[in-house]
Amino acid sequence: MTDKVLLPKTDLRVSRLCLGSNMFGTALDQGRVDAVLNRFVALGGNFIDTARSYGDWIPGAPAGASERAIGVWLKTQRRQDVVVATKGGFFDLRVGDYRSRANPADVAKDLAESLEHLQVDAIDLYWLHADDPSVPVGELIDALIAEQSAGKIRAFGASNWSPERLVEAQAYAAGKGHAGFAAFQPFWGLATPNAEAAAAQGYGRYYDAAFADVDLPVIPYAGQSRGVFSKLADGGEAGLPEGLAAMYLNDANRARLPRVQAKAKALGASVNAVVLAWLINQSRLTIPIIGASRPDQLDDAFSALSLNLSAEAVAELAA
């Protein structure tokens, strides 16, 4: 079982790993979703991340397929035992609407749909899925505070925001006597991405030194770097899928691979567990979002929680 940690300035106690769900309800049917979620809970997990848009890129899938699948499963659980995070304000992929929707009106619409899909009265942690720098931060923070006051969300955060906008938003919230964002969700993992390929595949800004100015917990997506180090260790570069190679195949990651393998051997752990431990052992509170299509994959991910890496080891792995 994994210990829970309190997200500062909230009443949310969450597991040190968060389960991502972008395949739920589409690539994974309800039976497979239930099996993965049940194993996650059995291992001590309680923190689930989804989004209003997840599944909307699949033709014929119901709107909000991931949220709907989680909502069905939630009916088998005690609601208070599960911390559900979802996101709104992203492109409307169902109709090919690629205008920015990070504004109070569109976010309110997405939130209402998420509550319906998840079959809950309130979202525990509500993320803005994207940012629109043309919208003043005050308008967005005020809208989220209003939704919180109305009891529709318990806390809120920001995904794919720049550090500059996060700092500005937090300053605005503080001026109103509010804690503001409870966490932020950047693109971050041990493998350094090729920026052009990452952008082409829809990934946001990669975590960098500028985010040190943001005094918030980090809940990064792509925390396993899509398994690239494990795949390189098992099959070499020739075995990488085209999209994964475009994203992560570079000299920086080639140099990191033997260090990751050596640390895994020394600890008696898997390569993937070391990759996750690198995030878990950061100096700031970091809760990686993991993915799994089978229950057994979660056992390996949770083994990362028992790996203690020193600050020197963390720095060495990323050198």
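**Close-up views of helix packing**

View 1. What covers the buried residues of H10 includes helix H7 (228-235), helix H9 (251-267), strand S9 (289-290), H11 and helix H12 (311-317). H10 spans residues 271-280, and ten of its ten residues are buried (under 20% relative accessible area, with exposed over 50% and partly exposed in between; 1.4 Å probe, protein chains only). Among them are Val271, Asn272, Trp278 and Ile280. Helices (H or I, at least four residues) and strands (E, at least two) are DSSP runs, numbered from the N terminus. The model is predicted: local features need pLDDT of at least 70 and side-chain atom pairs count only at pLDDT 80 or more, while totals for chains, interfaces and linings use all residues. Residues are numbered from 1 along each chain as its sequence is written, and side-chain values use heavy atoms, with hydrogens and water left out.

**View 2. Packing of H1 on H11.** Helix H1 (residues 30-42) packs with helix H11 (residues 295-303) at an angle of about 30°, and their axes are 8 Å apart. Axes are lines fitted to C-alpha atoms, for helices over the stretch in contact, and angles run from 0 to 180 degrees between N-to-C directions. H1 and H11 are therefore roughly parallel to each other (angles under 35 degrees; over 145 is roughly antiparallel, 65 to 115 roughly perpendicular and the rest oblique). The crossing of H1 and H11 is right-handed, that is, the near helix is turned clockwise from the far one by less than a right angle, anticlockwise being left-handed. Ala35, Val36, Arg39 and Phe40 of H1 meet Pro295, Leu298, Asp299 and Phe302 of H11, where contact means heavy atoms within 4.5 Å. These contact residues comprise six nonpolar, no polar and two charged. Ala, Val, Leu, Ile, Met, Phe, Trp, Tyr, Cys and Pro count as nonpolar, Asp, Glu, Lys and Arg as charged, and the others, Gly among them, as polar.

**View 3. Packing of H3 on H4.** The axes of helix H3 (residues 104-118) and helix H4 (residues 137-149) lie 10 Å apart, at an angle of about 30°. That makes H3 roughly parallel to H4. H3 and H4 cross in a right-handed sense. From H3, Pro104, Ala108 and Leu111 meet Glu139, Leu140, Ala143 and Glu147 of H4. The residues of this contact are five nonpolar, no polar and two charged.

**View 4. The whole protein, for context.** The secondary structure comes to twelve helices and nine strands. Buried residues make up 53% of the 319 residues. Along its principal axes the C-alpha trace spans about 50 × 45 × 40 Å.
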